[in-house]
Amino acid sequence: MAAKPFQITVEEFRLFHTIDRALYSLLVIELQRDPLESMQTLALWIWLERTRFNDIIRKILSLPQFLINELADEAVTCLKCIEDIQSLLSTDASEIPLTQSLMAKEFSLLFFHENRDSATSGIKKIVTEVCLKALTDIMEKALKRSSEQTLTESKVSMVAPLAESFLIERIAQLGLGSDASPKSTTGHDVPREERTMFVTFSKGYPVAEYEIREFFTRIFGDCIECIHMQEVKSNEQALYARIVFVTPAIIDFILNDVPKAKFTINGKHVWMRKFVPKNGNSSLAYMLPQNPPETI
């Protein structure tokens with residue numbers, strides 16, 4: 001009789017990665033760093049530890065928070081060098097002095113040049129197999145706090161669980177390889193009308209396209225494929241727009257099982273709902289209506 005494959009629970013997996021969780025929590029909760037960027041930062045450190053540098057995570061945790069923050073900045077420099085060879089070749093090794101000291105060995109950014117392929121694949125593997133499984137609950141907590149700070153007058157709570165596929169896609173968009181272009185991500189396989197939200201603004205309180213983009217980028221990162229504002233004369237205010245996101249998971253996250261959501265962008269009220277083409281005709285999905293829409 002064949003033995004059953006050994007399985008561990010999510011709780012057991014998180015317990016095994018207690019020290020990694022402690023460092024990630026410090027980065028995103030205490031230091032309030034970007035949750036997705038910090039996931040890659042931690043993956044870089046784990047990869048270095050697995051490669052040849054022992055006990056990196058414990059050493060970092062033993063340091064004062066201001067030094068950990070500086071080390072995280074240096075890790076971002078390393079990640080950029082892995083992603084962009086030109087950046088690596090033009091960056092001086094002296095830009096990562098704390099990292100060099102931490103390694104206690106001869107170490108420079110040249111290491112990432114010599115190991116770029118293995119670093120790229122290794123970090124992505126750690127993000128997928130370790131970070132997304134061990135850290136998602138901490139990420140949700142950090143994103144929830146970020147959204148609560150940004151959406152102080154919102155009538156909804158954006159705390160829906162994050163789909164692993166969405167997190168993988170967002171991690172891919174942060175870089176580490178040329179295969180992370182928008183067209184290669186899973187969200188773009190979904191029809192645009194299923195990734196689109198309809199937005200209305202209060203008359204007398206104009207909201208510009210750049211304000212919408214900055215608002216959502218602060219929360220989700222590079223999440224918008226395009227924004228279609230109502231076409232108006234130069235002296236008139238747009239009263240509505242459509243936002244096409246890179247993945248429908250963002251719409252689910254924003255609405256949180258309610259039909260519409262209200263936000264405040266720079267003190268101006270914005271109402272959002274999922275876009276529904278007139279008469280279900282998807283050919284109208286990208287044409288702004290000629291008549292003002294009903295209030296949502």
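User: Starting with the contacts at a separation of 6 or more, what share comes from residues 24 or more positions apart?
Analyst: Residues 24 or more positions apart make up 71% of those contacts in the protein. Keep in mind that this is a predicted model.

User: OK. How many helices and strands does the protein have?
Analyst: There are 13 helices and five strands.

User: And what percentage of the residues is buried?
Analyst: Of the 296 residues in the protein, 46% are buried.

User: What about the accessible surface? How much is there, and what share belongs to carbon and sulfur atoms?
Analyst: The total is about 15,700 Å². Carbon and sulfur atoms hold 51% of that surface.

User: Let's pick a helix. How many residues of H3 are buried?
Analyst: In H3, 13 of the 17 residues are buried, so the helix is mostly covered.

User: What span should H3 have, and how far apart are its end C-alpha atoms?
Analyst: H3 covers residues 35-51. At 1.5 Å a residue, its 17 residues should span 24 Å. The end C-alpha atoms are 24 Å apart, so the two values agree.

User: Which residue caps the N-terminal end of H3?
Analyst: Asp34 does. One of its side-chain oxygens lies 3.1 Å from the backbone nitrogen of Leu36.

User: New topic: Thr99. Where does it lie?
Analyst: Thr99 is in helix H7, which runs over residues 97-103.

User: Buried or exposed?
Analyst: Thr99 is buried, because its relative accessible area is 5% and the cut-off for buried is under 20%.

User: Which residues is Thr99 in contact with, leaving aside neighbours within four places in sequence?
Analyst: Thr99 is in contact with Leu71, Glu74 and Phe107.

How values were computed. Residues are numbered from 1 along each chain as its sequence is written. This is a predicted model: local features need pLDDT of at least 70, side-chain atom pairs count only at pLDDT 80 or more; totals for chains, interfaces and linings use all residues. Side-chain values use heavy atoms; hydrogens and water are left out. Helices (H or I, at least four residues) and strands (E, at least two) are DSSP runs, numbered from the N terminus. The expected span of a helix is 1.5 Å times one less than its number of residues. Buried means under 20% relative accessible area, exposed over 50%, partly exposed in between (1.4 Å probe, protein chains only). A polar contact is a pair of N or O atoms within 3.5 Å; within protein, one must be able to donate a hydrogen and the other to accept it, and residues adjacent in sequence count only if both atoms are side-chain atoms. Contact means heavy atoms within 4.5 Å. Accessible areas come from the Shrake-Rupley method with a 1.4 Å probe; for residues, only the protein chains shown count as cover.
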